[in-house]
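I opened the notebook today to look at pockets and at the ligand. Here is what I looked up, in the order I took it.

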Amino acid sequence: MSGKLTLVPTPIGNLGDITLRAIETLKSVDTVLAEDTRTSGVLLRHYSIETPLRAYHAHNEHASTEYWISQLQNGAQLALISDAGTPGISDPGFLLLRECIAAGISTEVLPGPVAFIPALLQSGLPNHHFVFLGFLPVKKGRQTLLTSLQDETRSMIFYESPHKINKTLKDFMQHFGPERQASVSRELTKKFEETIRGSLAQIAQKENWKGEIVMVVAGKDTE
Ligand code: SAM
């Protein structure tokens, strides 16, 4: 049998958000590669999945990709998961997927949970065209990127941490103006899920941010 890599999305908070196909795949492969074996161990136990787990994270991604490519070339059936959501989206996975494609190894990506889609829809901002920017650079390249986004007309989606959101809101006000419409979705799919909508200035009035956060900022109005 020829080897195959399957990227399997996992819940972003609510354990119920896993597909039947994701469970079947995780049960049937030889090995599950996980960003954090302890975090993913909880999920696998919850669904009585006994497949061996191996670490595949940002720190060993480059070094171990070669090894896993050779396993796939020898016929291994591998699933790759991250701590939450879709692997490869602001998470490890892209490198191995790209190497598989380059080596002619069969790949599959299951559809499933990802944080930015519910956040975009909950924002109420235009979603027919949008741009996903992931985490902003903390220092190098941050101002250049924000400046390049000043004329962006599509809704812009960012991942952010609660410790950095106040600074990011200030930077957004400086580059996009305080009246620009935006939203912040916190703790999606979890007990304390909420979405705050309004101008950047209104949203910036909140001080104590907690939990996992997706920010959506309206594009520049061209009318
Ligand atoms: N692979 C994930 C995905 O498919 O969305 C993203 C992983 S990235 C390391 C983690 C970031 O995703 C968080 O800092 C936050 O910005 C966002 N995120 C993940 N889960 C979330 C949730 N339940 N609610 C809001 N944002 C979430």
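I began with the second largest pocket, which holds about 220 Å³ of space. A volume here is the space filled by probe spheres set on grid points, which are joined across faces, edges and corners. A pocket, on a 1 Å grid over the protein atoms alone, is an open set of points where a 1.4 Å probe fits, with protein on both sides within 12 Å along at least five of seven lines; lining residues have an atom within 4 Å of a point.

A note on the source: this is a predicted model, in which local features need pLDDT of at least 70 and side-chain atom pairs count only at pLDDT 80 or more, while totals for chains, interfaces and linings use all residues. Residues are numbered from 1 along each chain as its sequence is written, and side-chain values use heavy atoms, with hydrogens and water left out.

Back to that pocket: I found 13 residues in its lining, with Pro126, Thr153, Arg154, Gly219 and Lys220 nearest its centre. By class they are 2 nonpolar, 7 polar and 4 charged (Ala, Val, Leu, Ile, Met, Phe, Trp, Tyr, Cys and Pro count as nonpolar, Asp, Glu, Lys and Arg as charged, the others, Gly among them, as polar).

Next I turned to the largest pocket, with a volume of about 420 Å³. Its lining has 21 residues, and Ala84, Ala115, Phe135, Tyr159 and Glu212 lie nearest the centre. I sorted this lining into 10 nonpolar, 4 polar and 7 charged residues.

What takes up the space of the largest pocket? The ligand does (a molecule sits in a pocket if more than half of its atoms lie within 2 Å of the grid points).

I then listed the 18 residues around the ligand, of which Thr86, Ile89, Asp91, Tyr159 and Ile213 come nearest (near means a heavy atom within 4 Å). This shell divides into 10 nonpolar, 3 polar and 5 charged residues.

Last, I checked backbone N or O atoms: one of Ile12 lies 2.9 Å from a ligand nitrogen, and one of Ala115 lies 2.9 Å from a ligand oxygen.

Terms used: A polar contact is a pair of N or O atoms within 3.5 Å; within protein, one must be able to donate a hydrogen and the other to accept it, and residues adjacent in sequence count only if both atoms are side-chain atoms.
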